[in-house]
Amino acid sequence: MKLFARYSSFIYLKYFFIIFISLIGFYVVIDTLTNLKNLPSSANLQLIYVSLTALISVNYILPISLVLALIVTMINLIRSNELVSFYALGVSKNRLIMPIFTIALAISFGYIGLCFTQFAYAKERQESLEDFQSFERFTNWIFLRFENKFIYIDKLFGDKQSAKDIKIFDMNGSQILSQTIAKEGSYKDNIWILKDNTIITLPQDIKLGGSGLEIKNLDEIVALNNFRPRIIESIKNSDNLYSIGDAIDAIRTFKNENINITKIKSTLYSMIFFPLFAPFMILILYYYMPLTGRFASLAIASFISIFVSLCLWGVLFLLVRISINGAIAAEFGIILPIIILMLFAGYKVYKNR
């Protein structure tokens with residue numbers, strides 16, 4: 001790596017970590033003071049709550065921290081005349097920004113990778129501490145349609161991947177073929193293992209003297225392939241918390257089940273595309289920065305850059321929320337703005353090649 005690339009990368013990373021950690025600390029303090037009454041009584045759970053709050057703040061703070069770090073880096077390079085010195089030595093605009101852009105892009109992709117993990121459920125964990133004072137949680141009264149079956153679950157324990165009091169209605173159109181009643185079930189190897197079952201089969205040809213109800217009692221049966229507990233919980237709950245993998249599985253599972261998957265798609269797109277706002281915004285801002293402080297006010301330039309970045313970040317965040325609520329299509333509210341930013345950033349790079 002060239003000396004100028006190592007130098008600019010070091011300065012950018014330094015300011016990024018300063019801004020990122022500072023904003024996380026500010027977010028955690030404000031959130032903790034706001035929810036002080038709801039904090040669990042245990043000191044250990046309070047520490048876990050603070051840690052989860054810090055993880056949640058990453059969703060909001062990371063993109064804007066990447067952009068603000070670029071603004072601070074450029075202002076300092078301009079003030080010290082290092083920026084114009086780089087240009088005088090023959091370093092082109094594109095070559096100078098590429099290391100910073102690569103770092104921002106790598107951090108954004110790293111965040112997207114985290115959204116494949118349990119990191120995506122930090123907010124849910126935090127809320128369970130507020131509501132139940134522990135991590136033990138379950139979902140009540142679930143009624144869904146899956147593979148031409150109507151399924152009712154009285155209690156679902158997502159962490160344990162188990163459930164109690166399950167009823168499965170096997171349907172043929174609007175006609176009930178049979179009902180399976182299980183006292184408990186567990187999800188293993190992509191299947192549900194139901195225990196203490198009662199299977200009631202209804203006669204399809206009801207006539208005088210015909211066969212009646214057929215009732216069987218079975219200790220254990222296998223049912224509902226790929227009907228994951230996490231997907232069930234996410235469909236039931238209104239907050240629609242998903243990891244990227246679970247969101248993709250939910251779309252595949254319910255796309256043919258007459259279930260509205262608009263919120264799932266919007267959540268998926270927001271986790272994949274919204275973080276890319278930062279690297280493309282970095283490129284755009286960089287090309288509008290002045291070369292030296294002699295011909296432009298650095299105070300005004302930094303104020304305008306920060307103001308534009310915050311406004312655009314706020315507008316994109318608002319579009320994400322509107323898309324999740326279903327007011328506009330996620331493709332227009334989430335993907336299209338990022339594509340426009342990418343195309344404009346690419347145009348600036350091409351223009352300064």
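The legends below describe close-up views of a predicted model.

**Figure 1. Overview of the chain in the predicted model.** The chain holds 11 helices and 6 strands. Of its 353 residues, 45% are buried. Among contacts between residues at least 6 apart in sequence, 63% join residues at least 24 apart.

**Figure 2. The largest nonpolar core and the surroundings of Y12.** This core has 93 residues, and those with the most contacts inside it are Y12, W192, F227 and I282. Helix α2, residues 43-79, supplies the largest share of the core, 14 residues. In soluble globular proteins, nonpolar side chains tend to be buried together. Leaving out residues up to four places away in sequence, Y12 touches L66, A69, L70, T73, I100, I103, A104 and I282. Of these, L66, L70 and T73 of α2 and I100 and A104 of α4 also take part in the contact between those two helices, shown in the next view.

**Figure 3. Packing of α2 against α4.** Two packed helices are described by the angle between their axes and the distance between the axes. For α2 and helix α4 (residues 93-114), the angle is about 175° and the axes are 11 Å apart. Angles over 145 degrees count as roughly antiparallel, and α2 is therefore roughly antiparallel to α4. On the α2 side the contact is made by V58, N59, L62, L66, L70 and T73, and on the α4 side by I97, I100, A104, I107, S108 and Y111. By class, this contact has 9 nonpolar, 3 polar and no charged residues.

**Figure 4. Packing of α8 against α11.** The axes of α8 and α11 come within 9 Å and cross at roughly 10°. Angles under 35 degrees count as roughly parallel, so α8 and α11 are roughly parallel to each other. Helix α8 contributes K265, S266, Y269, S270 and F273 to the contact, and helix α11 contributes A330, E331, I334, I335 and I338. The residues of this contact divide into 6 nonpolar, 2 polar and 2 charged.

**Figure 5. Helix α10 and its buried residues.** Helix α10 runs over residues 298-324, 27 residues in total. From its first C-alpha to its last it reaches 39 Å, close to the 39 Å expected at 1.5 Å a residue. An α-helix has 3.6 residues a turn, so residues three or four places apart point the same way. The buried residues of α10 are L298, A301, S302, S305, S309, L316, V320, S323 and I324. These buried residues pack against α2, α8 (262-273), α9 (277-287) and α11 (330-351). Just after α10, G326 takes a positive phi of about 85°.

Figure 6. I75 lies in helix α2 and is buried, with a relative accessible area of 8%. S302 belongs to helix α10 and counts as buried because its relative accessibility is 18%, under the 20% cut-off. Beyond its neighbours within four places in sequence, S302 is in contact with I71 and I75. S302 and M74 are 228 residues apart along the chain, with C-alpha atoms separated by 9.2 Å. I75 and P290 are 215 residues apart in sequence and 9.0 Å apart in space, C-alpha to C-alpha.

**Figure 7. S186 in strand β4.** Strand β4 covers residues 175-188 and includes S186. This serine is buried, with a relative accessible area of 16%.

**Figure 8. Positive phi at N81 and D165.** Most residues other than glycine have a negative phi, and most peptide bonds are trans. Phi of N81 is near 65°, a positive value in a residue other than glycine. N81 is found in the loop between α2 and α3 (82-88) and is partly exposed, with a relative accessible area of 36%. D165 is not a glycine either, and has a positive phi of about 55°. D165 is found in strand β3, residues 162-172. With a relative accessible area of 40%, D165 is partly exposed.

Note on methods
Residues numbered from 1 in each chain as written. Predicted model: local features only at pLDDT ≥ 70, side-chain atom pairs only at ≥ 80, totals over all residues. Heavy atoms only, no water. Core = buried A, V, L, I, M, F, W, Y, C linked by side-chain atoms within 4.5 Å. Buried < 20%, exposed > 50% of the residue type's maximum accessible area, 1.4 Å probe, protein only. Helix = DSSP H or I, 4+ residues; strand = E, 2+ residues; numbered from the N terminus. Contact = heavy atoms within 4.5 Å. Expected span 1.5 Å × (residues − 1). Axes fitted to C-alpha atoms, helices over the stretch in contact; angles between N-to-C directions. Parallel < 35°, antiparallel > 145°, perpendicular 65-115°, else oblique. Nonpolar A, V, L, I, M, F, W, Y, C, P; charged D, E, K, R; others polar.
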